[in-house]
Amino acid sequence: HPNIVPVRKLAIDDAGELYFTMKLVGGQTLAQILKEAPSPLDHNTLFEVLDIIIKVCDALSFAHSRGVVHCDIKPSNIMVGEFGEVYLMDWGVAIVRSEASATFMPLQRDAEEAPTLAGTPTHMAPEQARGAVDDIDERSDVFAVGALIYQALTRRSPFSAGTFWATVLRAQMGAYTPIHEITDPGSVPRTLIEIVD
């Protein structure tokens, strides 16, 4: 798909380690673009950002049609090239759904065996933040797109809190500050607020 970075090679090296190579993508992440954009977004910038998000939705639609759920939609995982090309990056925690269940490990272990969630809690759907693997599906990515739009409009992620686990708790509850409470009246189109909500 034109909005998914292609894998050029997938192989096993002499040591038996799996490796892959991907197309080199230059440009800026959506996070960088939002950081440099005026706040609130002016009319033209808003439409440019929404166009980027629509291309992300196209990539997700393609992935979902193949049973793949990305599980880590956020501004830093979206690359925008010099000529407007958009790539949804970092498919490292994606799940492949079958009719029976998802093939996905929700908790990864670090060196000390402490559990950590797979994905980014600041943008997670509640079922993903709870580690409810069987409940994660395409709607979880759609929820994360809403979180992506929220961040574009407010310049902060919906579930950020003081600590990692406080952020996870907010994500589990879907507890975010409504857009109208943190933006100037009339600075965000009401229809976009309704989509995010």
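Okay, let's start with R155, which counts as partly exposed at 26% relative accessibility. By that I mean in between buried, under 20% relative accessible area, and exposed, over 50%, with a 1.4 Å probe and protein chains only. Before I go on, this is a predicted model, where local features need pLDDT of at least 70, side-chain atom pairs count only at pLDDT 80 or more, and totals for chains, interfaces and linings use all residues. Residues are numbered from 1 along each chain as its sequence is written, and side-chain values use heavy atoms, with hydrogens and water left out.

Back to R155. You'll find it in the loop between helix 4 (138–154) and helix 5 (164–173). Helices here are DSSP runs of H or I, at least four residues, strands are runs of E, at least two, and both are numbered from the N terminus. Most residues other than glycine have a negative phi, and most peptide bonds are trans.

C71 also has a positive phi, near 70 degrees. That residue sits in the loop between strand 4 (68–69) and strand 5 (78–80), and it's buried, at 3% relative accessible area.

And the peptide bonds? The one from S39 to P40 is cis, with omega near -5 degrees. P40 is in the loop between helix 1 (30–36) and helix 2 (43–65).

Now the inside. The largest nonpolar core has 31 residues, and L30, I78 and L153 have the most contacts inside it. A nonpolar core, for us, is a set of buried Ala, Val, Leu, Ile, Met, Phe, Trp, Tyr and Cys residues joined through side-chain atoms within 4.5 Å. Helix 2 gives the largest share of this core, eight residues. Take L30: leaving out residues up to four places away in sequence, it touches V49, I52, I53, P75, I78 and L148, where contact means heavy atoms within 4.5 Å. Apart from that core lies another one, of six residues, and our friend C71 is among them, along with V69, I95 and I136.

Last stop, the largest pocket. Which residues line it? They are I4, V5, V7, L10, F20, M22, D90 and W91. A pocket is an open set of points on a 1 Å grid over the protein atoms alone, where a 1.4 Å probe fits, with protein on both sides within 12 Å along at least five of seven lines; lining residues have an atom within 4 Å of a point. Strand 1 (7–12) and strand 2 (18–22) are the elements giving two or more residues to that lining.
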